[in-house]
Structures are given as C-alpha cells and as structure tokens.
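Let's take a friendly walk through this model, from domains to chain contacts. Have the structure open beside you as you read.

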Amino acid sequence: MASYVVRRVAQALVVLLGVSVVVFALVHLVPGDPIRVSMGTRFNPDAYEALRARAGFDLPLPVQYGRYLANAAAGDLGVSFRSGDPVTTTLLGRLPATLSLAGSALLVALLIAVPLGIFSAIRSGSKLDYVATVFSQAGISLPDFWMAILLILLFSGVLGWLPPSGYVSPLADPIGWLSHLVLPAITVGVVSGSILTRFVRSSVLESLGEDYTRTARSKGLHERTVVTRHVLRNALVPIITVTGLQLAYLLGGVIIVEVIFAWPGLGQLALLAVQSRDYPVLQGTVLLVAVVFLLINLIVDLLYAAADPRIRYK
Amino acid sequence: MTGHNGQRVLEVHDLQVRFGTRRGAAHVVNGISYTLDAGETLAIVGESGSGKSVSSLALIGLVPQPPGRVTGTVRFGERNLVTCSSEELRHVRGNDIAMIFQDPMTSLNPVLTIGRQLTEGMQLHLQLDDRAARRRAIELLDRVGIPSPDRRLGDYPHQFSGGMRQRVMIAIGLACDPVVLIADEPTTALDVTTQAQIVELVDDLRRDTGMGVIWITHDLGVVAGIADRVAVMYAGQIVETAQVDALYEHPRHPYTQGLLGSLPVLGQPERELATIPGLPPDPVHLPSGCPFWPRCPQRLDERCETERPQLRDTGEGNLVATFYEAKPASEAVS
C-alpha cells in the first residue's frame, strides 16, 4: 500500500513538471512581447522596461524557467501585470468562493445522482427509469447559462426568495453566504448530477447482471443486502472516477455560471486574466487547476485501492 | 428438513419457462418433469441453449420475472416453489436448496473477503453469531480441502486459484446444510485434473451429508462417473431419462445416441466420431411436433412433425420421448 502511494505521488510530480513547462511556455508562445501586448494603448517605455525586468524577461529562457520553477515551488507565482498584487494572494483570495461552489454543487449532484441512478438501475425499464433518463438527458442538454437565468427569474424575480447574484463571505454572514450559494450550486449541481446519474445507473446495472450478484441471490439474502453489500461496492470504482473528474472540473472554475452569478471564483479570475492579458495570473490559475486535477486523481486512485482489493495488491 | 437416503426431496412437474423477447416468446423450458431423492445424483445433460441451466435457476426463483415466466410445479416438502412468495423462496434459497455455478472466477464477489461471503448465508438462515459462523466457515473450508482455512478467511477471491475458488463456492453452497445442491456446470471452467477433484469432492460430500445433487453438464464423461440417473435435455424438453448404466449401454433416443457417438473412446483412434447434422432449434420458432425431427437420422413416423412425443417406458429402464422403437445405436450408425 505504502509503495503504491509513493509510486502514484512520484508519477503526479512528473506530470506536474510537464505542466509547469507548458504553463511557463504560455507566456513565450504569445506572438510578440506579452508585456508589450498587455500594456496595449497605455504603452510607456519606462514602465515597459521596469515590468520586463521585474518579470525577468531579459534573462535567457532556461534561467527564466529555473527561476520560475524555484519561485513556484516556494509559493511565489509572480506579480499581476494589472493590479501589482502577488498572484498567489489573488488565487488564495478566490479559493473560498470556488471551494464553496464546487463543494455544494458536488453535494447537489450526488444527492441527485446516487439515489436516482441506483433506483433507475434496480427498476430498469420501469416508468421511474424512463423519467430519470429524460431528466438526466435534459440536465445534460440544457445550457447551464439558460438554466441559471430561469432559476434567477423564478427564485429572485418572481418569488423574491433568493438574491440573484453576488457573493458574501461565510465568515462575515453565514446566512447571506448560503442564500447566495443556493442558485449557482443548483445550476452547476444539476448538470453534474445529470452526468453522474448516467454513470451510477450503468455501473449499478452492470454489477446487477454479474455472476456474483446471482450467487448472492442464490444464498437467499434480502434484496436490500444484495444491492448494498454486493452490487454497490462493485459499482463504486467507476462512480468514484467520474465523481473525481466532476469535482476537479468544478474546482477549476465554472466560468459561465460564475460570470452570471457574479461569483468571484477561479473561473471568473481566469476569464478576467485572459481579457486583460494578465499572463502571470493566467499562468497561476492554469497551474493551480492542474495541481487540483492531479491531487484529485491521486485521491481517486487511493480510493480505488480502498474500494477494490484487487488494486491494493498489484 | 433433512433427507434420508431414498426419500423424495424434490418433485418437478411440467416446468415451463418462457421469455418475452422482441421477436416473440422464447420457449426455453417446455414442460420438464423429474424427481430427486435424498442422496441421489441426477445429471441433466444437454448442449448449450438446451434449457438445462434456466430450468435449474427456475427451481429456486432465480429466473427474472419479467421478462421470464415460469409455470408448472416444483414440489419441495409441503411447498410448490413456483407459486410460493418471494419471501418464502428466500428462506429456501441457500438454506434448503443451494447452488454452485459454472465460473468460479466471476461467481465470487471480488470485493468481499471469502469469510464474509461464506458466513453471510449462515448468519441469515441459521442465526449464527460472528464467532460461531467463523468457526463453521473454517470447518467448511477445511472440509472442501482449503489448506490452513483459518488464515484464508480474510483473503479475497483473486488470491485463490480457479480450482480453489470452486472449492470455496462449494463451501458456500454447503454453508446451511442444504437438502438439495444444484451444481450448474461447476467443472466447465477448470482444467481436467481439477475437474476430477471437484467431481470427487461433491460426490464425497453427497455421500456424507445425504443431500440430493442435481448436476448440470454438457459433459457426458463427467456424468458417467458420478450420476445415478441421467436426464437428457434437448430444446427445453427431456428426451430421454434412465439409470446411468442403462443410458450408456442402450441409449434409445436418436439424440442421446448422437451425443454418445460423438464422444471419443480411448483405444479406438481410427473410429470416426459421429456428428449430429444441423443446429438446435431457435426457442422462438420451435418446430411443431418433436423438437428433434428436423435433425433426426431415424425419422420413421409421420406424427413426428405434428405431435409431440411423450416420455414412455421402453421396458429396459429408459424413458424415451420417441414414437417408434429406436434402433440400438450400433445399428443406427452402420
């Protein structure tokens, strides 16, 4: 088990090194000079030279990369071209909003997908299964921005129950935080939940048809025991995979939903960075998202080992 | 209930299983009848698709309904298992009638320890506590020939070889001292030497416990070694049933003759193996009359195409579903 963890962490570090090269290259792949481009019409030779020197662009590329890597490892991701704030501070400032949206959306998604997926698999071919299929198809097909607008219209326009947009820190006002969180969480959660429902259903359905399920039934176990003890444990591995991918995707920022709800998450930050050509911030965001993906994949791999003993001993 | 040798434990009458398919109703089992006594081994022999596995799953209510539909009677003690409630059936399954399956690689749950898989049935049916169940599990594993069983309870199926897994399956089947053990091709997925060990093990256990065994197989070689009686199935019907010696010495149904003729015999390398021309019929479009007539090499009677022959006594101990006095195999082949 320990060697498995060490091996997986080492693999993740290698991937991270590759990502850092791509992220570093991002700035240098831009046609022209990123600082020149980012200054646009406000070009000023003195400021330009100062910014170039501060970004270290006057040094040879390998040296620049080495510095970038060393700084990044120490948590220094450079300084925003725009605000002059450290990128790390900017990213950390976005984390509470991103974490609360991703976490609550995943909760909504699982609350929809797990019961619906299991029941529609157990009653496959029934009316409930049909309704669940239509629901998940609709959830996948409906554009999230449209669903967001409908939800805003209904819950804050017509009913006036919830604020239409914005973000409040949970430390300052927990109730306000929650009321602002509900609509974006439902919007994102319904889409994720629809995708997850399909995976849960097909995974449970497959496990229900396996020989070991027949063996379990032949022992005279209660159907509930057959499903919870024998079927679900086996259906877990694919469900964990997709849930992990969904969470990583949510943590990377759901740009459109964040923009509609004026949600100050990572997605919105990435969009602003692209619009204002703030390369250090964009680099930092991409790197953070990559790290999040790697971390979640690592956790998913470790969970596999917990769910399936065959993986543990390989 | 426990059976004394010779006591009737199971009586199957006119068992039918149909499945609704898009192409129409598939008639998979078409009115089979047989009995099983305590301590007896009945072999049900047939090709893939002859309905032998489905008919045995139907005994303990493991045919999904719908799309399946099971009719007829399966008399077990006072009960008819076809009509009794799913809750009653649950108490019979694994407790009075146990089943072991073809592929030990897939029939055991890969994510549960074998200890868990062994004890869950006894805890449910025999109300054993954890310690008693564990003790019994160790005894059973020891009985089926798993070395150092106390240390293997915490292991997972993938840590066992195929033959060992089938032994574990058999231990699971025996967990609650069943009256009837249904063995659905338990040796098919194993290599030949392991096959022989498993066959011998089940036969020993039958002798020790007095349980009745229904051994489902397509392998006539296995049958000869352990069965008391044999029922030959074709297209969902029993076409011939006899004591094992009678069946091998003078098979009367042309299909049985064909099956036996297709077996290679040691010491006769130059003998050409017989084949049965054609394919088994599609269960959605069964031929009218005798299901075997389109492939039958000895068809003599016009009724074959219109009327279904019933099992009748030949006077030699065989019950055969043909209309005519079938010639002995030796004459038929020549």
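## Two domains in chain B

In this predicted model, the centres of domain 1 of chain B and domain 2 of chain B, taken over C-alpha atoms, are separated by 28 Å. Domain 1 of chain B covers 8-227, while domain 2 is made of 234-265 + 272-333.

Where these two parts touch, domain 1 of chain B contributes 21 residues and domain 2 of chain B contributes 15 residues. On the domain 1 side, strand E2 (24-37) and helix H9 (220-226) of chain B each supply at least two residues. E2(B) provides the largest share of that side, with nine residues. Sorted by class, the side of domain 1 of chain B that touches domain 2 holds nine nonpolar, 10 polar and two charged residues.

## The build of chain B

If you trace the fold, you will find 12 helices and 12 strands in chain B. The radius of gyration of chain B is 21 Å, close to the 20 Å that the globule rule gives for 334 residues, so this chain is as compact as a globular protein of that length. Along the principal axes, its C-alpha atoms fill a box of roughly 65 × 50 × 40 Å.

Of the 334 residues in chain B, 47% are buried. Taking the contacts in chain B between residues at least 6 apart in sequence, 65% join residues at least 24 apart.

## A covered helix

What lies over them? Just after H4(B), look for Gln127(B), which takes a positive phi of about 50°.

## Where chain A meets chain B

Now turn to the two chains together. In their contact, 18 residues of chain A face 22 residues of chain B. Three helices of chain A, namely H9 (211-218), H10 (223-251) and H14 (309-312), each supply at least two residues of the side of chain A that touches chain B.

H9(A) gives the largest share of this side, seven residues. By class, the residues of the side of chain A that touches chain B divide into eight charged, five polar and five nonpolar.

Note on methods
Residues are numbered from 1 along each chain as its sequence is written. Chains are lettered from A and ligands numbered from 1 in the order in which they are written. This is a predicted model: local features need pLDDT of at least 70, side-chain atom pairs count only at pLDDT 80 or more; totals for chains, interfaces and linings use all residues. Two residues are in contact if their C-beta atoms, placed from the backbone, lie within 7 Å. Helices (H or I, at least four residues) and strands (E, at least two) are DSSP runs, numbered from the N terminus. Ala, Val, Leu, Ile, Met, Phe, Trp, Tyr, Cys and Pro count as nonpolar, Asp, Glu, Lys and Arg as charged, and the others, Gly among them, as polar. Domain bounds come from an automatic or database domain assignment. The radius of gyration is taken over C-alpha atoms; the globule rule is 2.2 Å times the number of residues to the power 0.38. A residue is buried if 20 or more other C-beta atoms lie within 10 Å of its own, exposed if 12 or fewer, and partly exposed in between; C-beta atoms are placed from the backbone.
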